[in-house]
Amino acid sequence: MMPSLKVEEIREDFPILKKKIRGGRLIYLDSAASSLKPIQVIETIREFYLNEYSNVHRGVHLLSQQATSRYEDVREKVAKFINAYSPEEIIFTYGTTDSLNMLAYSYALRILKPGDEILLTVMEHHSNILPWMMMSSMTGAKINYIDITNDGLINRNELDEKISEKTKIVSVTHMSNVLGTIVDVRNIARRIHEVGGVIIVDGAQSVPHMPVNVRELEIDFLAFSGHKMLGPTGVGILWVKRDFLGELSPFRLGGGAIREVTLRDFVLLDPPHRFEAGTPHIAGVLGLGAAVDYLERIGMDNVRKYEEELTDYTLKRLSELGDAITIYGPNNISDRGGIIAFNIKELDSNIVGSLLDGYGVAVRTGKHCAHPLHQRLNIEGTVRASLYLYNNKEEIDYLTTALNEIATATKA
Ligand code: 7TS
């Protein structure tokens with residue numbers, strides 16, 4: 001079968017993959033924490049600081065005008081990437097965490113009342129739990145959780161039980177950062193809309209790895225991060241469906257967000273600029289634009305298809321460890337992304353991670369900012385190998401060999 005993308009060509013674009021780690025090759029399996037950056041993104045940022053640098057939305061001079069127009073072009077690019085209705089719906093933030101906090105303070109705080117409910121799942125990242133806990137304590141709204149099945153899927157009965165007229169907000173991950181579970185957010189969107197609530201989707205792990213079309217998903221808000229999709233750190237996106245743009249009140253105010261200020265009053269700019277007070281991460285946004293170009297060129301369908309093949313291969317290879325390994329998350333490839341959490345025997349995940357580091361294999365260990373999920377699974381932590389379009393089968397073979405050696409060398 002023809003591979004869905006030319007991985008060896010792609011690898012050439014990632015300079016860090018040529019670096020030696022502990023004298024050997026680097027096997028980077030930690031893209032769920034942050035992805036590596038292609039040379040196209042690095043060069044875009046370098047060029048900006050070297051030859052094109054200026055602030056945006058502030059000057060009549062040429063460099064500022066050019067920077068502004070490029071910055072706004074990226075907004076358009078990102079809007080197209082997720083099939084938003086218009087670029088005004090794209091708000092640049094500092095990351096998913098920032099986007100979710102922004103929504104909590106700009107939207108939830110305005111609409112929630114005592115007796116209302118916020119619905120989450122037990123597999124959320126802390127960034128999609130803590131802002132809601134804060135909102136709960138500030139408004140008197142209650143948090144409810146949808147449980148998962150043993151396979152790490154959303155429990156449909158739970159969904160039916162937990163969504164009611166009281167549910168004003170459902171905030172769910174599109175892809176679990178531990179189990180890899182892909183959540184059917186469209187189904188949840190339909191259910192919550194029936195009772196007049198809204199759906200917020202944490203796309204930190206989905207947007208980089210699969211086509212995400214906000215119109216098809218029928219969702220209201222989407223948060224994601226640039227640094228997990230080949231872009232730089234410090235830049236994120238909050239997509240707000242146009243129907244809601246007027247209902248959000250900015251929670252960061254200052255320069256760049258207002259049309260007019262007197263000693264007593266101010267008039268806000270229209271969205272999205274009213275939500276982007278202060279000098280934004282301009283270089284970051286331009287770098288994000290280059291990342292989107294890169295992903296578009298390959299095609300998100302191809303990215304997803306390739307990762308499905310590689311995930312399938314990884315699960316098969318890791319299963320060869322038999323009783324020595326416990327793998328978490330959905331069995332069905334169509335239900336999951338390239339995030340594979342596992343444990344080796346009874347070993348502490350941090351020990352396995354450190355031993356893998358000795359082989360030049362980068363994975364994440366512990367609870368992955370998802371403590372409630374680990375409590376639900378009744379485990380202390382997991383080792384997590386997470387894949388992206390630059391990983392190949394050879395690296396998975398290397399991981400499997402390393403884990404085999406670790407499992408053999410250690411007594412249970
Ligand atoms: N939501 C999910 C599902 C995530 O995986 C992460 C980051 C965030 C939100 C927060 O994103 P940030 O860009 O604001 O930090 N997840 C991880 C991870 O799994 N390992 O390191 C960071």
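Tutor: A polar contact is a pair of N or O atoms within 3.5 Å, in which one atom must be able to donate a hydrogen and the other to accept it. The model before us is predicted, and in it the side chains of Asn213 and Asn83 are joined by such a contact at 3.1 Å.

Student: Where in the chain does Asn213 lie?

Tutor: Asn213 is placed in the loop that runs between β8 (198-202) and α8 (214-217).

Student: Is Asn213 buried or exposed?

Tutor: Buried means under 20% relative accessible area. Asn213 has a relative accessibility of 18%, so Asn213 counts as buried.

Student: Which residues does Asn213 contact, apart from its neighbours within four places in sequence?

Tutor: With those neighbours set aside, Asn213 is in contact with Ile82 and Asn83.

Student: Let us turn to salt bridges. What is the general idea, and how many salt bridges does the structure hold?

Tutor: Side chains of opposite charge can pair when their charged atoms come close. The structure holds 25 salt bridges. One of them is formed by the side chains of Arg384 and Asp30, at 3.6 Å from N to O. Arg384 belongs to strand β17 (residues 382-386) and Asp30 to the loop between β3 (27-28) and α2 (39-52), so this pair ties together parts that are 354 residues apart in sequence.

Student: Which residue forms a salt bridge with Arg75?

Tutor: The partner of Arg75 is Glu276, with the closest N and O atoms 2.8 Å apart. This pair links distant parts of the chain, since Arg75 is in helix α3 (residues 62-81) and Glu276 in the loop between β12 (266-268) and α10 (282-298), 201 residues apart. Both Arg75 and Glu276 are buried.

Student: How much space lies in the largest pocket, and which residues lie nearest its centre?

Tutor: The largest pocket holds about 460 Å³ of space. Its lining comprises 21 residues, and those nearest the centre are His174, Ile182, Val183, Asp184 and Val185. By class, the lining divides into eleven nonpolar, four polar and six charged residues.

Student: Which helix gives the most to that lining?

Tutor: α7 gives the most, with four residues. At least two residues are supplied by each of α6 (156-162), α7 (185-194) and α8.

Technical notes. Residues numbered from 1 in each chain as written. Predicted model: local features only at pLDDT ≥ 70, side-chain atom pairs only at ≥ 80, totals over all residues. Heavy atoms only, no water. Buried < 20%, exposed > 50% of the residue type's maximum accessible area, 1.4 Å probe, protein only. Contact = heavy atoms within 4.5 Å. 1 Å grid on protein atoms, 1.4 Å probe; cavity = no way out; pocket = protein on both sides within 12 Å on 5 of 7 lines; lining within 4 Å. Points joined across faces, edges and corners; volume = space filled by probe spheres on them. Nonpolar A, V, L, I, M, F, W, Y, C, P; charged D, E, K, R; others polar. Salt bridge = Lys/Arg side-chain N within 4 Å of Asp/Glu carboxyl O.
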